Amino acid sequence: MSKRASAVVVAGLLLATIGSAKSKPKSTLPLYVLDARTVAVVIDPDAGVSIDDPQANRVAQKDVETALLNWGRFEPQIGTQNADLIIVLRRGHGQFVDRTINDPRQGNRPGVINPTDDGVAIGAQHGPRPPLSGPPMNDPAQEQPGMQTEVGSSDDSFTVYKGGVENPLDTPPAWRYVARDGLRPHSVPAVEEFKKVLAAAEKAAAKQP
C-alpha cells in the first residue's frame with residue numbers, strides 16, 4: 001500500500017467516526033487554477049474496481065470530461081504531462097468498508113479525447129499513465145489485480161491538483177468536493193460545484209486592486 005493510500009485509509013476511519021456528510025468546498029482558489037486552461041481527468045490511483053459496478057470510475061471519468069467540454073472553460077488532455085490542472089476522481093461505494101479489486105491498469109486508457117454528440121470519443125491506446133505520486137511502500141510485484149478492502153470510500157470525490165509538478169498527488173489539493181452522488185452518472189454535480197467556486201474566485205480576484 002502506498003503512503004498516499006495509507007493516508008486515505010486513516011482519513012476514512014476518521015470520517016467513519018463522525019458519520020457521512022458532504023464536505024464543505026473551499027470558497028477560494030489558488031491563482032494557478034484561475035489561470036489554468038488545460039486539465040487532465042484521472043481515476044484515483046488508489047481507487048479499487050467495484051465488484052458490483054466495475055465501470056463506475058471509468059464512466060465518471062468520461063462524464064466529467066464531457067461536462068468540461070460542454071463548459072468550455074478548460075481543454076481536457078489525455079495525458080497529465082502538459083495539463084495545468086489534474087482532476088482526480090473516485091466513485092464511492094455507499095459504505096465505509098467495502099471489498100474491491102485492486103487493479104493498477106484501471107488508470108490506463110486510450111489516447112485521444114474528441115467531443116461527440118453523446119459525450120467523448122477515445123482514440124488509440126498510448127500506454128500506461130506516468131506515476132502521479134511517489135513510489136509505493138510495497139514490492140511492485142504485489143501491485144497485481146486482486147481483492148482488497150477499501151475504507152472511507154462511501155462518497156464520491158472530485159479533487160483538483162496543480163499540474164506541471166513532480167508527483168502532483170503528493171501536493172496539497174487546490175479544491176476538493178466529497179459528496180454522495182457527487183459524480184452521479186451524466187449529471188456529475190461536482191463539476192457544477194467547481195464552476196460555482198471558480199466563478200466566485202474570479203469575481204473576488206477582479207475586485208483586487
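Contact here means heavy atoms within 4.5 Å, and among contacts in the chain between residues at least 6 apart in sequence, 79% join residues at least 24 apart. This is a predicted model in which local features need pLDDT of at least 70 and side-chain atom pairs count only at pLDDT 80 or more, while totals for chains, interfaces and linings use all residues. Residues are numbered from 1 along each chain as its sequence is written, and side-chain values use heavy atoms, with hydrogens and water left out. Buried residues (under 20% relative accessible area, with exposed over 50% and partly exposed in between, 1.4 Å probe, protein chains only) make up 42% of the 209 residues in the chain.

**Sheet and helices**

- The chain has four helices and 10 strands, taken as DSSP runs numbered from the N terminus (helices H or I, at least four residues; strands E, at least two).
- An open sheet with mixed pairing is formed by five strands in the order β3-β1-β4-β9-β10, where two strands pair if DSSP finds at least two bridges between them.
- Because β3 (75-77) and β10 (175-179) each have a single partner strand, they stand at the edges of the sheet, and one side of each is left without a neighbour there.
- Strands β1 (residues 38-43) and β4 (residues 85-90) pair in the parallel sense over five bridges, and Ala40 has Ile86 in β4 as its bridge partner.
- Helix α3 (residues 56-71) lies across β1, β3, β4 and β9 (156-162) and runs at about 165° to β1, whereas helix α4 (residues 189-206) lies across β9 and β10 at about 140° to β10; axes are lines fitted to C-alpha atoms, for helices over the stretch in contact, and angles run from 0 to 180 degrees between N-to-C directions.

- Phe194 touches Leu29, Val33, Trp71, Phe74, Phe158, Val160 and Trp175, when residues up to four places away in sequence are not counted.

**A buried polar residue**

- Asn57 is found in helix α3 and counts as buried because its relative accessibility is 4%.
- A polar atom of the Asn57 side chain lies 2.8 Å from the backbone nitrogen of Arg91.

Note on methods. Polar contact = N/O pair within 3.5 Å; in protein donor to acceptor, adjacent residues only side chain to side chain.
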